[in-house]
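I opened my notebook beside the viewer and jotted down what I looked up, entry by entry.

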Amino acid sequence: MAFPKEFLWGGATAANQAEGGWDQGGRGPSNSDHVTNGSHTVPRRFTTELTDDNYYPSHQAIDMYTHYKEDIAMFAEMGFCVYRMSISWSRLFPNGDELEPNKEGVEYYRSVFEECKKHNIEPLVTINHFENPYNLYETIGSWDSREMIDHFIRYCEVLFTEYKDLVTYWLTFNEINFMTMPFGYNMHAGKPRDYEMKFGGAKDHDMSLNYQALHHMFIASSKAVILGHEINPENKIGCMLAGMVSYPRTCHPDDVILTQQAKKMMTYLCGDVHVRGEYPSFAKKYFERAGIEFSIEDGDLELLKAGTVDFYSFSYYSTSCKSENPEFATTGGNLAMGLKNPHLEANEWGWQIDPQGLRYYMNDIYGRYQIPLMIVENGLGFNDVFEDETVHDDYRIDYLRKHIEQMDIAINEDGVDLIGYTMWGCIDLVSAGTGEMKKRYGFIYVDMDDLGNGSLKRYPKDSFYWYKNVIATNGQEL
Ligand code: P53
């Protein structure tokens, strides 16, 4: 068994969780800068006013804004072929509606990409990772408004032209399929009002808002794909979905149907629009049945058809179960994602560990779309113990090894075209779900606590050296 020679090994971060420097270099605030810290049990909150008695983890994050050279050098030491990162839109367009970008922001990312190139690392850029200029929330209601598409495309045009010689791999929207759940509206779209960031979201939430905003995001993504290919035909532009896998909790046909129906809306709806360029028939029926209404303008369906992606990327962490029987227990925590599976172990945050679920998902997606796949997030959040200037994280090595084994099987036994793997949070960063620092994923430990105290010094963990060898042997030694 072997991984393809050109396989892209690497790691991933996102600006709002790693970059910091929120008010430096002419950057404007984003929606993420309005989200407080939380915990397993206390949800994060979005506050319209920034107040001194709240802690907003994105403001400093792990300060990659000033540490990027050191961090990229450490990625290079591990042998990364690719580094997935996101751009903070409001660093380039502080208010979102300017006609010209903030030069200092443009130069900052140029310098980051040049640093990657210096180390032979291919940047993989997420254009939109849960983060939009805050001013666009206040003034137009963010993705509620169709006007958002023009602002987004002006931003994309700057990216594709300024970084034409430095970046060829792009992702449009991170985990766009969260928009099919109430929670996604808070994560991606949202109106400027105070609310709790809970996975379930508000019970009385009007899902028409989500699908209208999602439609705008689909159009924005298609236009970005078309523009990106025009500016540089070498560009490879992918979609990005949360790889949410559910199993029927029992073999009762009711549970099987429930699980299948959920998968169609949670995964295939966004996958079909991005890859096939059209809304699937089941979605149209669902919208009618659920009374979901949103406007699609003339020319939109043609745009979706013309702007299909080059590859399908996804995050994958865990799986859960579904059942019509209300007696089964949920996975727990403020991000409870489904029912417990009695055959799986979970981490402290209730995320159940299931390497085979990754194989299942890849087969499912590749079977439907037949385009290259990339795993752009996978990893284990753990409250690491820092001792002797390192972390002995054999549990993380074990998690990653078992997932990489399943990738090998998917490629070599199932014939899946998997082109790359970027482990999530390759350097410890702020958790998106809870805002904690102690939910660590990294190969690199960052000395910082939940409230931002610490030296911010970086230390390789045991997994750092393990992953270095995985890459050096192209996945032969796990
Ligand atoms: P954290 C929930 C479920 C699955 C993926 O998550 C999720 C979330 C949001 O928490 O988000 C992705 O940090 C996301 C990353 C995030 C990562 O998963 O809550 O793309 O930004 O950090 C892990 O442990």
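**Entry 1**

I started with Glu 175, which is found in the loop between strand S5 (169–173) and helix H7 (182–188). I kept in mind that this is a predicted model. Phi of Glu 175 is near 45°, a positive value in a residue other than glycine. Is Glu 175 buried or exposed? It counts as buried, because its relative accessibility is 7% and the cut-off for buried is under 20%.

I then noted Gln 370, whose phi is near 55°, again a positive value in a residue other than glycine. Gln 370 is found in the loop between helix H12 (355–369) and strand S11 (373–377).

**Entry 1: the ligand site**

Next I went to the ligand. Which of the 19 residues around the ligand come nearest? I wrote down Gln 17, Glu 377, Ala 432, Gly 433 and Tyr 441.

I also looked up polar side-chain atoms by the ligand's oxygen atoms. For Lys 439, a polar side-chain atom lies 2.7 Å from an oxygen atom of the ligand. For Ser 431, an N or O atom in the side chain is 3.2 Å from a ligand oxygen. For Tyr 317, the distance from a polar side-chain atom to an oxygen atom of the ligand is 3.4 Å. Taken alone the ligand exposes 470 Å², and the protein buries 99% of that.

I moved on to Thr 126, which has its place in strand S4 (residues 122–128). Thr 126 is buried, with a relative accessible area of 0%. Its side chain is joined to that of Arg 84 by a polar contact of 3.0 Å. Leaving aside neighbours within four places in sequence, I found Thr 126 in contact with Arg 84, Met 85, Ser 86, Ile 87, Leu 171, Thr 172 and Asn 174.

Ile 87 sits in the loop between strand S3 (82–86) and helix H3 (89–92), and at 1% relative accessibility it counts as buried. With neighbours within four places in sequence set aside, the contacts of Ile 87 include Ala 15, Phe 113, Val 125, Glu 131 and Tyr 155. Tyr 109 is also one of these contacts. The C-alpha atoms of Ile 87 and Tyr 109 are separated by 7.8 Å, with the two residues 22 apart along the chain.

**Entry 2: helix H8**

I checked the length of helix H8 (residues 207–231). Its 25 residues should span 36 Å at 1.5 Å a residue, and its end C-alpha atoms are 36 Å apart, which agrees. H8 is mostly covered, with 20 of its 25 residues buried. At the start of H8, a side-chain oxygen of Asp 206 reaches to within 2.9 Å of the backbone nitrogen of Ser 208.

**Entry 3: cysteines**

How many disulfides does the structure hold? I noted zero. Cys 81 is in no disulfide, and the nearest cysteine sulfur, that of Cys 116, is 12 Å away. Cys 81 is partly exposed, with a relative accessible area of 23%. Cys 239 is in no disulfide either, and the nearest cysteine sulfur, that of Cys 270, is 8.8 Å away. Cys 239 is buried, with a relative accessible area of 0%.

Technical notes:
Residues are numbered from 1 along each chain as its sequence is written. This is a predicted model: local features need pLDDT of at least 70, side-chain atom pairs count only at pLDDT 80 or more; totals for chains, interfaces and linings use all residues. Side-chain values use heavy atoms; hydrogens and water are left out. Helices (H or I, at least four residues) and strands (E, at least two) are DSSP runs, numbered from the N terminus. The expected span of a helix is 1.5 Å times one less than its number of residues. Buried means under 20% relative accessible area, exposed over 50%, partly exposed in between (1.4 Å probe, protein chains only). A polar contact is a pair of N or O atoms within 3.5 Å; within protein, one must be able to donate a hydrogen and the other to accept it, and residues adjacent in sequence count only if both atoms are side-chain atoms. A disulfide is a pair of cysteine sulfur atoms within 2.5 Å. A residue is near a molecule or strand if one of its heavy atoms lies within 4 Å of it. Accessible areas come from the Shrake-Rupley method with a 1.4 Å probe; for residues, only the protein chains shown count as cover. Contact means heavy atoms within 4.5 Å.
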